[in-house]
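Then read on for a short tour of its inside.

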Amino acid sequence: VHRRYHHRELTFGLLYAFSENFILPLSHDEVVHGKGSILSRMPGDDWQKFANARAYYGFMWGYPGKKLLFMGQDFGQWSEWNFNQSLDWRLAQHPRHQGLRQAVRDLNRVYRENPALHAGDNEAGGFRWIVVDDEDQSVAAWLRLSPGEAPVAVVCNFTPEPRRGYRMGLPQAGFWREVFNSDAEPYGGSGLGNLGGVTAHEASSHGLPASAEIVLPPLATVYFRYEPDGPRS
């Protein structure tokens with residue numbers, strides 16, 4: 001309930017993103033000296049902690065800037081980093097930790113396979129806000145763009161409330177494939193999503209010529225990639 005009051009802390013970075021070259025580090029400084037690990041600092045029960053972490057990583061991979069995770073953050077280390085001992089590799093055997101690791105693996109794959117997510121990191125033309133001010137619902141959405149490449153829409157829902165029929169503007173009518181959903185069941189999520197994708201129609205919204213009604217899973221980040229030829233089996 002308090003996230004609406006911190007919404008602009010998530011969006012503030014785009015005010016100067018294209019005047020600097022930067023990375024988005026979750027470095028060792030974030031997980032030492034009593035701060036706890038990334039996972040342990042997430043609010044809620046265990047399910048929500050993992051969902052928050054997956055949604056956060058999805059947000060991070062979709063934002064401009066190069067990415068950096070520190071040791072143990074990819075599988076959900078519970079304890080903060082200690083240079084005197086090994087990481088808790090045994091945790092990687094448990095389903096929720098496996099799910100987080102798989103989500104990071106798939107984010108890396110989607111990032112690599114979709115140039116729009118990285119080619120325009122240092123250019124204002126590689127980014128466009130779709131939803132920047134929906135503070136009440138803690139929803140943020142934006143486009144990643146690169147000339148000659150399929151655009152990718154990134155949508156975050158930072159509350160545990162699923163949102164069905166959420167209308168979002170898009171630059172083109174047609175099919176937008178859901179290429180990543182941090183709430184997918186293999187990651188340990190609830191499995192709520194958009195059945196492979198959504199179809200945008202020529203109905204303007206958010207200053208864009210087309211729009212679609214989408215399902216926003218709880219505590220989740222979803223990516224959609226434009227596919228002009230429509231859905232494929």
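What follows is a walk through the cores, ring pairs, pockets and backbone of this chain.

## Before we start

Keep in mind that this is a predicted model. Every value below is computed from it.

In soluble globular proteins, nonpolar side chains tend to be buried together. Here, the largest nonpolar core has 37 residues, and Tyr-57, Trp-61, Trp-142 and Tyr-223 are the ones that touch the most other members. At least two residues of this core come from each of strand 1, helix 2, helix 3, strand 3 (127-134), strand 4 (139-144), strand 5 (152-157) and strand 7 (174-181). Which element gives the most? That would be helix 2, with seven residues.

There is also a second, separate core, made up of 21 residues, with Val-131, Val-155, Leu-208 and Val-222 included.

Back to Trp-142 for a moment. Leaving aside its neighbours within four places in sequence, Trp-142 is in contact with a list of residues that includes Phe-59, Gly-62 and Tyr-63. The list also takes in Phe-127, Arg-128, Trp-129 and Ile-130, as well as Val-152, Ala-153, Val-154 and Cys-156.

## Rings that meet

A pair of aromatic rings is described by the distance of the centres and the angle of the planes. How many aromatic pairs does the count come to? There are 18. Take Phe-50 and Trp-78: this pair is edge-to-face, at 5.8 Å centre to centre and 90 degrees between the planes. The two partners belong to distant parts of the chain, 28 residues apart, with Phe-50 in helix 2 (residues 46-62) and Trp-78 in the loop between strand 2 (66-69) and helix 3 (95-113). Phe-50 is buried, at a relative accessible area of 3%, whereas Trp-78 counts as partly exposed at 28% relative accessibility.

Another pair is Phe-75 with Trp-89, which counts as tilted because the planes sit at 35 degrees, with the ring centres 5.3 Å apart. Both Phe-75 and Trp-89 lie in the loop between strand 2 and helix 3, so the pair ties together parts that are 14 residues apart in sequence. Is each partner buried or exposed? Phe-75 is buried, with a relative accessible area of 1%, while Trp-89 counts as exposed at 52%.

Rings can also join up in groups. Phe-18, Phe-59, Tyr-63, Phe-127, Trp-129, Trp-142 and Phe-158 are linked by ring pairs into a cluster.

## Pockets open to the outside

Rolling a probe the size of a water molecule over the atoms shows where empty space is left. The largest pocket holds about 880 Å³ of space. Its lining counts 27 residues, and Glu-9, Leu-10, Leu-26, Tyr-56 and Phe-59 lie nearest the centre. Helix 1 (7-11), strand 1 (23-26) and helix 2 each supply at least two residues of that lining, and helix 2 gives the most, with five. Sorted by class, the lining has 18 nonpolar, five polar and four charged residues.

The second largest pocket has about 230 Å³ of space. It is lined by 14 residues, with Val-1, Arg-3, Phe-158, Thr-159 and Pro-160 nearest its centre. This lining divides into five nonpolar, five polar and four charged residues.

The volume of the largest cavity is about 90 Å³. Among the 15 residues that line this cavity, Ser-37, Ile-38, Gly-72, Gln-73 and Gln-77 lie nearest the centre. By class, eight of the lining residues are nonpolar, six are polar and one is charged.

## Two spots in the backbone

Last stop: the backbone angles. Ser-138 has a positive phi of about 55 degrees, although it is not a glycine. You will find Ser-138 in the loop between strand 3 and strand 4, and at 4% relative accessibility it counts as buried.

Leu-219 is also not a glycine, and has a positive phi of about 45 degrees. Leu-219 sits in the loop between strand 9 (210-216) and strand 10 (220-227). With 5% relative accessibility, Leu-219 counts as buried.

Terms used:
Residues are numbered from 1 along each chain as its sequence is written. This is a predicted model: local features need pLDDT of at least 70, side-chain atom pairs count only at pLDDT 80 or more; totals for chains, interfaces and linings use all residues. Side-chain values use heavy atoms; hydrogens and water are left out. Rings of Phe, Tyr and Trp (its six-membered ring) pair if their centres lie within 6.5 Å; planes under 30 degrees apart count as stacked, over 60 as edge-to-face and the rest as tilted. Helices (H or I, at least four residues) and strands (E, at least two) are DSSP runs, numbered from the N terminus. Buried means under 20% relative accessible area, exposed over 50%, partly exposed in between (1.4 Å probe, protein chains only). On a 1 Å grid over the protein atoms alone, a cavity is a set of points where a 1.4 Å probe fits but cannot get out, and a pocket is an open set with protein on both sides within 12 Å along at least five of seven lines; lining residues have an atom within 4 Å of a point. Grid points are joined across faces, edges and corners, and a volume is the space filled by probe spheres set on the points. Ala, Val, Leu, Ile, Met, Phe, Trp, Tyr, Cys and Pro count as nonpolar, Asp, Glu, Lys and Arg as charged, and the others, Gly among them, as polar. A nonpolar core is a set of buried Ala, Val, Leu, Ile, Met, Phe, Trp, Tyr and Cys residues joined through side-chain atoms within 4.5 Å. Contact means heavy atoms within 4.5 Å.
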